[in-house]
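The following note sets out several points for a colleague who is examining this model. Each point may be checked against the coordinates.

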Amino acid sequence: MRAKTIFLLLITLLLTSAVNARSRYPKREFRGAWIQCVNGQFQGMPAEKMQQLLIRQLNSLQEAGINAIIFQVRAEADALYKSSYEPWSRFLTGVQGRVPSPYWDPMQFMIDECHKRGMEFHAWINPYRAKTKGTVALSPIHPYNRNPERFVTYAGQLYFDPALPENRKYICKIVRDIVTRYDVDAIHMDDYFYPYPNPGEDFPDNISFAQYGRGYSNKADWRRDNVNVLIKEIHETVRECKPWVKFGVSPFGIYRNKKNDPNGSDTRGLQNYDDLYADVLLWARKGWIDYNIPQVYWQIGHPAADYITLIQWWNKNATREGTHLYIGQNVARTMKADQLTRKMLYERSLSKVKGNCFWPANEILWNNKGVADSLKQNYHRYPALIPAYTHLHNRAPQEVKKLKAEWTAQGYMLHWQAEQSKTNPELASYFVIYRFENKESVNLDDPSKIVAVTRETNYLLPYDDGKRKYRYVVTAVDRFHNENQGKSKKVKL
C-alpha cells in the first residue's frame, strides 16, 4: 500500500511539472458542459420556473468556470425551439406538439443568457433518433406521420433510415433552419449515429441496402459511408449559412481496439468504427468537423478502457490541425476526488488536447464529490478564452477606439468604441478586460489578470479612494476567438 501511494505521488509530481512547463492556468481552454432534456428535468415545468432554473444553472456553471454550454434542442425529431418542421418536444411541455403556454422559445432564451455571460451556445441535436422508448404518442406533425416509409424501428425506438438520401436532405434542412434563424455558436451531435447494438437484433436495412447500396458489397462499409455523407453535408450546410458557426461531434470514447486495427487503442470495448459506423478520424482528416469531444468516460486504471491510454491515443491521432480536440468527462463516474487532479493535470500536459466538456452539467451543479469547488478553486481558478478556430479565420479584429475612464451616473466607468455586426464575424464579438499594477509588465497571456469578459462596450471600475494606479487593457475578440493586442488606459482607483 505504501509503495502504491509513493508511486501515485511521483506520478502527480511529474504531471505537475509537465503542466507548469506549459501553463498551470491556461488562458485558452474549452470548458464545456452538456445540459440534456431527455432526463425529464424540464418536462411540464411552467415557463417562468424553467427560466429561473436555467438562470440558476448558468450562474452556477459560470462560477465554476464553464465557458460553453451544449444544450439539447432536438432529442427525437422534436424541438425545444420554434420549428416549422417538427413538433414542440414532450421533454418541454409534457406532450409532444403542445405549444408552450405562455409562449416562449427555450433555445433563444438560452442563447441570450449564455451570451450575456460570455459563454458559447452549442445547439445539440440527435440526427437519426425519431422516438425514444418513453414516448407513447407522436404529434400529427411529427415527420414519421408524414412519411412513415422513411423510418425503421430498432430496439424499441424509431429512427430515420440513414441510407435514404431524402432523410439526409431533411436533417440538413433542420440544421439550416437552426443556423439561419438563431445566433448559435455551433451545431453539436453526440454519440448516437447508427444506434448502439441490441444483442440478437440486426438493424433492419436490408431493403435499403439493396436499393441504395451504391456498389458496396460490405454492409458495414456502406453504413459508414451513409454517416460520412451526412457529416459532410451537414458541414457544408453550416458553412453555407454562417462560416463562423462550428460543427462538432462527441463520439463514443473508443475509435477501434488494437485487436481489430493495429493503429487502434490498447482497449477492449465497443467501437465507433465497427459498432456505430462512425469514422470519426476520417471526418477530422477531411475537415468536416471543427471539434471532436470523445467521451472518455472511464477512470484511470480501468482494465478494459484506461483513461490515460485513451487520451494519449486521441492526442496522437488528432490528425488535422484545424480540428480541435477536447475530452468528454463523466463527472459522477470518473472525476471523483482521487482522480480529478490526475485527469486535469494529464489532460493539460498533452499538446493537442485543448479542453474538456463535462457530462452532465447537473453533476457540477450538485457539486458531486466537491467537483465544482475544485474547479472554482483550482483548475478553473481564472477565466479562459475558448481556443481560436484559426482554420476558419486567423486574423484578429481591429483594436477598440476612444478608450476612456469617466464618471457616469452608474459610477466610474471604463468605456470604448468598436465596430460590431451580427453578420460580420471578423469584427469584434466580445471584449476581454485585463488589470495590471501601475509598473507591472503587461502580459496578456496571464489569465489571472482578466477581470471581465463582456459583450458590452463598458466596464464599471471598482473605485476606492483614487490613490492607487492601475493599467487596464481592453482587447477585442471575433467570433472565431481571435484576439488583438488591445488598448490600454491608466486609471487611479
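A crossing of two helices is termed right-handed if the near helix is turned clockwise from the far one by less than a right angle, and left-handed if it is turned anticlockwise. The model discussed here is a predicted one.

1. Crossing of helix 2 and helix 4. By that criterion, helix 2 passes helix 4 in a right-handed crossing. Two packed helices are described by the angle between their axes and the distance between the axes. For helix 2 (residues 47–63) and helix 4 (residues 106–116), the angle is about 35 degrees and the axes lie 11 Å apart. The contact brings Met50, Gln51, Leu54, Ile55 and Leu58 of helix 2 against Pro106, Phe109, Met110, Glu113 and Cys114 of helix 4. By class, eight of these residues are nonpolar, one is polar and one is charged.

2. Burial of helix 4. Eight of the eleven residues of helix 4 are buried, and the helix is thus mostly covered. The buried set consists of Pro106, Met107, Phe109, Met110, Ile111, Glu113, Cys114 and His115. These residues pack against strand 1, helix 2, strand 2, helix 3 (90–93), strand 3 and helix 6 (165–181).

3. Strand 1, helix 2 and strand 2. These three elements form a right-handed β-α-β unit. Strand 1 (residues 30–35) pairs with strand 2 in the parallel sense over four bridges, and Ala33 stands opposite Ile69 in strand 2. Strand 2 (residues 68–74) is mostly covered, with seven of its seven residues buried.

4. Parallel pairing links strand 2 to strand 3 (residues 120–125) over six bridges; here His122 in strand 3 is the bridge partner of Ile70. Strand 3 in turn pairs with strand 7 in the parallel sense over four bridges, with Ala123 opposite Ile187 in strand 7. Strand 7 and strand 8 (residues 246–249) run parallel and are joined by four bridges, and Gly248 in strand 8 is the bridge partner of His188.

5. The two faces of strand 7. In a regular strand the side chains alternate between the two faces of the sheet. Strand 7 (residues 186–189) is covered on both faces: Ala186 and His188 are buried on one side, and Ile187 and Met189 are buried on the other.

6. A separate heading is given to the open sheet of four strands, which has the order 15-14-17-18 and antiparallel pairing. Strand 15 (450–454) and strand 18 (487–492) stand at its edges with a single partner strand each, so one side of each has no neighbour in the sheet. From one strand to the next, the twist averages 20 degrees. Strand 14 (residues 430–437) and strand 15 run antiparallel and are joined by four bridges; Phe431 stands opposite Thr454 in strand 15.

7. Trp298. Is this residue, at 11% relative accessibility, to be counted as buried or exposed? Trp298 counts as buried, because 11% is under the 20% cut-off. Trp298 lies in the loop between strand 9 (291–292) and helix 11 (307–317). Leaving aside neighbours within four places in sequence, Trp298 is in contact with Phe252, Gly253, Ile254, Ala305, Tyr307, Leu310, Arg333, Thr334 and Lys343. Asp464 is 166 residues from Trp298 in sequence and 49 Å from Trp298 in space, C-alpha to C-alpha.

Notes. Residues are numbered from 1 along each chain as its sequence is written. This is a predicted model: local features need pLDDT of at least 70, side-chain atom pairs count only at pLDDT 80 or more; totals for chains, interfaces and linings use all residues. Side-chain values use heavy atoms; hydrogens and water are left out. Buried means under 20% relative accessible area, exposed over 50%, partly exposed in between (1.4 Å probe, protein chains only). Two strands pair if DSSP finds at least two bridges between them. A crossover is right-handed if, with the strands pointing away from the viewer, the path from the first strand over the helix to the second runs clockwise. Axes are lines fitted to C-alpha atoms, for helices over the stretch in contact, and angles run from 0 to 180 degrees between N-to-C directions. Contact means heavy atoms within 4.5 Å. Ala, Val, Leu, Ile, Met, Phe, Trp, Tyr, Cys and Pro count as nonpolar, Asp, Glu, Lys and Arg as charged, and the others, Gly among them, as polar.
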